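Colleague: I have a chain open that I'd like to talk through with you. Could you put it up, and then we can go over it piece by piece?

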Amino acid sequence: MDLLPDEAECEHLIGELADLIKAAGSDSFLGAAILEPNDRSFPDPWTADAAGVERLLGRLLGYATLEHLTLTLEIDRFSEVAGNVMMDGTASGHQGTAAWFAGIHDGVCSFGVDTNGLDDPMGLIGTLAHEVAHAYRHEKNLRQPVTAHEERLTDLTTVYLGSGILTTNATQRFRSGQKGAGSWYSRAQGGYLSMQSMSFLLAAQTVARGAPASAIARALSPNQRACFKAAHAQFARPTLLEQLGLPITAPPTDERGWFSRLFER
């Protein structure tokens, strides 16, 4: 398994992250709480119903500084409708999607959730973090007209907002359990950026903050943890801060990886 995106993708990701910081400011990227799938970040009780989803969404909206919006939620409303998130903010769920952002109108922020996703709260929370990032980009007038590009940037925005652990873990998930006399096993993939790309962005945020990598690594699933550690080891903080358009606030590190050298060619 490759632990890092290729060099072209790394350069592209840093450029997109720098553009987002320039457009939306650095406060959330550097100062937002880094959310983990635990009671500290999400102290509300989980119930597999509309009330449980509303509590999760309320927390995520607050963390994304969107608490001023009124939340509305539809359960299973669009589960059989094909489509994508529309640039005018209208509702547009699609079959097989666990949750979707359905627009902001007159201060009301609407979401939908398919009931099939309610039995997997750990998977749902990553999806909801992505949909809240859609809402953030809508509210801040950051959306791009090409859907595929916008979805990619929405994944990136989850890291910017502090939800990167949730969405990075959601890129690849393994589940197992017992059913009757037998057992079951499943593998699921989510998101629009790869596990390697999301881990790379999360590592970039950690290095830019000057935060310890160990705390983030502990909250990641094994494969994501390996990718995160590999990416983290490649960054030189002053070079990264310069590329992101952020002030250099620390002396250079002792070791410099290929990614740092990439921007000095």
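Colleague: How many cavities of 30 Å³ or more does the count come to?

Modeller: The count comes to three cavities of 30 Å³ or more. A cavity here is a set of points, on a 1 Å grid over the protein atoms alone, where a 1.4 Å probe fits but cannot get out, and lining residues have an atom within 4 Å of a point. Grid points are joined across faces, edges and corners, and a volume is the space filled by probe spheres set on the points. Before we go on, this is a predicted model, in which local features need pLDDT of at least 70 and side-chain atom pairs count only at pLDDT 80 or more, while totals for chains, interfaces and linings use all residues. Residues are numbered from 1 along each chain as its sequence is written, and side-chain values use heavy atoms, with hydrogens and water left out.

Colleague: What volume has the largest cavity, and which residues line the largest cavity?

Modeller: The largest cavity has a volume of about 50 Å³, and its lining is made up of L60, Y63, A64, A129, V132, A133, L161 and S163. By class, seven of the lining residues are nonpolar, one is polar and none is charged, where Ala, Val, Leu, Ile, Met, Phe, Trp, Tyr, Cys and Pro count as nonpolar, Asp, Glu, Lys and Arg as charged, and the others, Gly among them, as polar.

Colleague: Which helix supplies the largest share of that lining?

Modeller: That is α4, with three residues; both α3 (50-63) and α4 (121-139) supply at least two residues each. Helices (H or I, at least four residues) and strands (E, at least two) are DSSP runs, numbered from the N terminus.

Colleague: OK, stepping back, how many helices and strands are there in the chain?

Modeller: The chain has 11 helices and five strands. Of its 265 residues, 48% count as buried, buried being under 20% relative accessible area, exposed over 50% and partly exposed in between (1.4 Å probe, protein chains only). Taking contacts (heavy atoms within 4.5 Å) between residues at least 6 apart in sequence, 64% join residues at least 24 apart.

Colleague: On to the strands: which strands pair with β3?

Modeller: Strand β2 (residues 99-105) runs antiparallel to β3 (residues 108-113) and is joined to it by five bridges, whereas β1 (residues 70-75) and β3 pair in the parallel sense over six bridges; two strands pair if DSSP finds at least two bridges between them. As for bridge partners in β3, I104 has C109 and T70 has V108.

Colleague: And are β2 and β3 mostly buried or exposed?

Modeller: In β2, six of the seven residues are buried. In β3, five of the six residues are buried, so β3 is largely enclosed by the rest of the structure.

Colleague: What lies between β2 and β3?

Modeller: The two strands form a hairpin with two residues between them, and D106 in the turn has a positive phi of about 55 degrees, although D106 is not a glycine. With a relative accessible area of 83%, D106 is exposed.

Colleague: Where is T65, and what is its phi?

Modeller: T65 is in the loop between α3 and β1, and its phi is near 60 degrees, again a positive value in a residue other than glycine. T65 is partly exposed, with a relative accessible area of 40%.

Colleague: Changing topic, where does L244 lie, and which residues does L244 touch?

Modeller: L244 lies in the loop between α10 (237-243) and α11 (258-262), and at 3% relative accessibility L244 counts as buried. Not counting residues up to four places away in sequence, L244 touches I14, L17, A18, I21, F29 and A208. L244 and K22 are 222 residues apart in sequence, yet 8.4 Å apart in space, C-alpha to C-alpha.

Colleague: What about L246, buried or exposed?

Modeller: L246 counts as buried, at 9% relative accessibility, and lies in the loop between α10 and α11. With residues up to four places away in sequence left out, L246 touches I21, S26, F29, L30 and L241.

Colleague: Last one: which residues is T206 in contact with?

Modeller: Leaving aside neighbours within four places in sequence, T206 is in contact with A211, P212, A213, I216, F228 and H232. T206 is found in helix α7 (residues 195-209) and is buried, with a relative accessible area of 4%.

Definitions and conventions. On a 1 Å grid over the protein atoms alone, a cavity is a set of points where a 1.4 Å probe fits but cannot get out, and a pocket is an open set with protein on both sides within 12 Å along at least five of seven lines; lining residues have an atom within 4 Å of a point.
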